[in-house]
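Subject: Structure handover

Hello,

Here is the structure for you to look over. My notes follow it.

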Amino acid sequence: MLPRVTINVAMSLNGKISSESGRYNISDADDMERVISLRKSVDAVLIGANTVIVDDPVLRYSKCRIILDGEFKLSDSYKIFDGSVKTYIVSRKNKHINNAQTVTVNDTGITGIMEKLYSFGIKSVLVEGGVQVINEFLDSNLFDQFFIYINPGLILSGKSLFPAMDKKMEYTVDECGRGILLSIKSIHI
């Protein structure tokens with residue numbers, strides 16, 4: 001069995017989800033309210049180690065935090081290891097960080113990781129980034145919902161959500177604050 005997976009990301013009008021210099025607030029207040037509601041509605045919020053390194057997030061309002069860190073490059077100096085909620089690090093390496101539980105896996109394929117998380121009682125996951133993690137879910141067609149908030153601004157130099165866009169998407173469009181919200185129905189690779 002696999003958890004229900006929702007992917008959520010904010011990007012600029014030209015497809016960037018972060019600037020070259022790192023963290024950049026793309027969501028407006030209306031979108032952040034929507035994100036908080038999503039976080040409260042799932043069992044866990046999942047991000048990759050690079051997102052921790054670049055953004056140093058706390059992921060407020062999450063019931064549980066999951067970090068994919070195959071090579072275990074993180075240390076306990078990041079805000080996410082504040083001990084406020086259960087935090088798992090999924091890695092090939094069995095190391096320890098204060099305020100986090102390491103889940104050691106031999107295979108870092110996304111389907112196997114999701115099966116393992118389901119066995120821990122995690123039945124729903126919100127995937128928030130970064131590019132590599134989101135694209136692993138998309139390439140495996142492993143999502144039930146996918147939301148992209150698009151801010152009308154541009155980021156001239158940064159990370160693209162779809163580095164090599166050879167995917168065909170079916171979606172609906174809604175207004176959300178100053179931006180728009182794409183609800184992706186399906187992706188065909």
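Just after α3, Gly-121 has a positive phi of about 95°. Helices (H or I, at least four residues) and strands (E, at least two) are DSSP runs, numbered from the N terminus.

Two points on the source. This is a predicted model, so local features need pLDDT of at least 70 and side-chain atom pairs count only at pLDDT 80 or more, while totals for chains, interfaces and linings use all residues. Residues are numbered from 1 along each chain as its sequence is written, and side-chain values use heavy atoms, with hydrogens and water left out.

Helix α3

The buried residues of α3 are Ile-110, Ile-113, Met-114 and Leu-117. Seen down the helix axis, they fall within an arc of 100°, so they line one face of α3. That arc is taken from the directions from the helix axis to the C-beta atoms. As background, an α-helix has 3.6 residues a turn, so residues three or four places apart point the same way. Buried means under 20% relative accessible area, exposed over 50%, and partly exposed in between (1.4 Å probe, protein chains only).

What do the buried residues of α3 pack against? They pack against β1, β3 (44-48), β4 (64-68), β5 and α4 (131-139). Contact here means heavy atoms within 4.5 Å.

Strand β1

Val-5 is in strand β1 (residues 4-12). Val-5 is buried, at 1% relative accessibility. Leaving out residues up to four places away in sequence, Val-5 touches Met-114, Val-125, Val-127, Phe-137, Leu-142, Phe-143, Asp-144 and Gln-145. Val-5 and Gln-145 are 140 residues apart in sequence, yet 6.6 Å apart in space, C-alpha to C-alpha.

Thr-6 is also in β1. Thr-6 is buried, at 4% relative accessibility. Its side chain makes a polar contact with the side chain of Gln-145 (3.1 Å). A polar contact is a pair of N or O atoms within 3.5 Å; within protein, one must be able to donate a hydrogen and the other to accept it, and residues adjacent in sequence count only if both atoms are side-chain atoms. Beyond four places in sequence, the contacts of Thr-6 include Leu-38, Val-125, Leu-126, Val-127 and Phe-147.

Aromatic rings

How many aromatic pairs does a search of the whole structure find? It finds 2. Rings of Phe, Tyr and Trp (its six-membered ring) pair if their centres lie within 6.5 Å; planes under 30 degrees apart count as stacked, over 60 as edge-to-face and the rest as tilted.

Tyr-88 and Phe-120 form a tilted pair, with ring centres 5.5 Å apart and planes at 40°. This pair links distant parts of the chain, 32 residues apart. Tyr-88 is in strand β5 (residues 86-91), and Phe-120 is in the loop between α3 (110-119) and β7 (124-129). Tyr-88 is buried at 9%. Phe-120 is partly exposed at 34%.

Phe-143 and Phe-146 form an edge-to-face pair, with centres 5.9 Å apart and planes at 70°. Phe-143 is buried at 13% relative accessibility. Phe-146 is buried at 1%.

Strand β6

Thr-102 is in strand β6 (residues 101-104). Thr-102 counts as buried, at 18% relative accessibility. Its side chain reaches the backbone oxygen of Lys-95 at 2.6 Å. Not counting residues up to four places away, Thr-102 touches Phe-72, Ile-89, Lys-93, Asn-94, Lys-95 and His-96.

Best wishes
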